[in-house]
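Work through the following exercises with the sequence and the structure at hand. Each task is followed by a solution in steps.

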Amino acid sequence: MVARLDNLAPAWHIPAGTAALLAALPQAQPFLDLTIPRVSEHAAALASQLACFGPVEHHGTPYMTLTVGDAAAMTTQLLARGIRVRDCTSYGLPRRVRLSTRLPQDNAALQAALHSLRETGQFDG
């Protein structure tokens with residue numbers, strides 16, 4: 001009986017980078033144990049802080065959406081201030097931007113930019 005080489009191949013393949021990440025996960029557990037709750041806390045705080053600007057959709061992930069009026073315009077205005085958010089128009093939500101929590105100082109910069117845009121009449125959320 002002759003063994004076929006293709007029978008020795010795994011049923012599915014993963015990219016080398018993904019394989020390296022999966023191999024490193026057991027050693028990364030202490031980092032993850034510290035980081036995941038911190039990210040959760042920062043996201044909940046940011047969602048709460050953004051509520052003064054309009055409706056926030058947040059379901060416990062690091063991501064949330066904020067109603068801003070014209071999402072395309074808001075994305076452009078924030079990017080001009082060095083802040084990246086995602087215009088949700090392609091998701092059928094032209095009045096929302098999607099953003100993720102970052103470090104507290106970055107979250108504060110986002111809030112400051114939104115306050116500034118509101119004061120200058122460029123925020124219609």
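**Exercise 1.** Find the residues with the most contacts inside the largest nonpolar core, and name the elements that give two or more residues to this core.

Solution. Step 1: in this predicted model, the largest nonpolar core has 20 residues. Step 2: Leu-50, Leu-78, Leu-99 and Leu-114 have the most contacts inside the core. Step 3: two or more residues come from each of α1 (16-50), β2, α2 (71-80), β4 and α3 (104-119).

**Exercise 2.** List the contacts of Leu-78, leaving aside its neighbours within four places in sequence.

**Exercise 3.** Give the strand order of the open sheet and explain which strands lack a neighbour on one side.

Solution. Step 1: the 4 strands are ordered β1-β2-β4-β3, and the pairing is antiparallel. Step 2: β1 (56-58) and β3 (86-87) each have a single partner strand, so one side of each has no neighbour in the sheet. Step 3: β2 (residues 63-67) pairs with β4 (residues 96-100) over 5 bridges, in the antiparallel sense. Step 4: opposite Met-64 stands Leu-99 in β4.

Notes
Residues are numbered from 1 along each chain as its sequence is written. This is a predicted model: local features need pLDDT of at least 70, side-chain atom pairs count only at pLDDT 80 or more; totals for chains, interfaces and linings use all residues. Side-chain values use heavy atoms; hydrogens and water are left out. Two strands pair if DSSP finds at least two bridges between them. A nonpolar core is a set of buried Ala, Val, Leu, Ile, Met, Phe, Trp, Tyr and Cys residues joined through side-chain atoms within 4.5 Å. Buried means under 20% relative accessible area, exposed over 50%, partly exposed in between (1.4 Å probe, protein chains only). Contact means heavy atoms within 4.5 Å.
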